[in-house]
Amino acid sequence: MTISDYFIPPPPGPNSYNSSSCLGGGSSSTSDEADEQQTRIVDERKQRRMISNRESARRSRMRKQRHLDELWSQVLRLRTDNHSLLDKLNHVTDCHDRALEEIDHLKQEASALRQMLTDLPIGSPYNNSPSSDQSIIPTSVDLLL
């Protein structure tokens, strides 16, 4: 018995050394076809993955663009709302200022009228001396003060 009787060669695989290809055996064509088929399968998978990745990236860009469009729409709406609120604020401020001016004017007018009433001589047109009964009845000047 020789050493070659105990040696069992490894099964042929895609990367294994095939002794029959060196000897010109007929199995090399089937091995090459299997390698080509496996390469085609790998290439097809790569191609499908590449197409899938491109489609996914396209959908992602579309989502991003849609989100950006929504944000711009929101910006325009908020700017419009902001201008509207500023206009309302300016209107209310103007009304408030006019009301304050009118209050000041009315206070001055009331003060002037009080002064005029205080300066007026109050008495009966028929009797120049006030009677004792008239001092009990409040006059319009007293009511305003």
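This note walks through a predicted model of one chain, point by point.

1. A word on the ground rules. Residues are numbered from 1 along each chain as its sequence is written. In this predicted model, local features need pLDDT of at least 70 and side-chain atom pairs count only at pLDDT 80 or more, while totals for chains, interfaces and linings use all residues; side-chain values use heavy atoms, with hydrogens and water left out.

2. Start with the overall layout. The chain has four helices and zero strands, giving the pattern α-α-α-α along the sequence. Helices here (H or I, at least four residues) and strands (E, at least two) are DSSP runs, numbered from the N terminus. Helix α3 covers residues 28–119, and it will come up again in the points below.

3. Next, how much of the chain is covered? Of the 145 residues, 1% are buried. Buried means under 20% relative accessible area, exposed means over 50%, and partly exposed lies in between (1.4 Å probe, protein chains only). The accessible surface of the chain is about 13,400 Å², and carbon and sulfur atoms account for 58% of that surface. Accessible areas come from the Shrake-Rupley method with a 1.4 Å probe, and for residues only the protein chains shown count as cover.

4. Now the charge pairs. Side chains of opposite charge can pair when their charged atoms come close. A salt bridge is a side-chain nitrogen of Lys or Arg within 4 Å of a carboxyl oxygen of Asp or Glu, and by this rule the model has two salt bridges. One joins E55 to R58, at 2.3 Å from N to O. The other partner to look for is R59, whose closest N and O atoms with E55 are 3.9 Å apart.

5. Where do these residues sit? E55 and R58 are three residues apart in helix α3, about one turn of the helix. R59 and E55 are four residues apart in helix α3, again about one turn. Together, E55, R58 and R59 are linked in a network of salt bridges. E55 is partly exposed, at 30% relative accessible area; R58 is partly exposed at 35%, and R59 is partly exposed at 40%.

6. Patches are made of residues with over 30% relative accessible area and no salt bridge, where like charges are joined within 9 Å and nonpolar side chains (Val, Leu, Ile, Met, Phe, Trp, Tyr) within 5 Å. Lys and Arg count as positive and Asp and Glu as negative, with His and the chain ends not counted. A charge is placed at NZ of Lys, CZ of Arg, CG of Asp or CD of Glu.

7. Which residues form the patches? R45, K46, R48 and R49 gather in a positive one, with R49 in helix α3. D94, D97, E101 and D104 form a negative one; D104 lies in helix α3 and is partly exposed at 44%. L68, W72 and V75 make a nonpolar patch of about 280 Å². L68 belongs to helix α3 and is partly exposed, with 40% relative accessible area.
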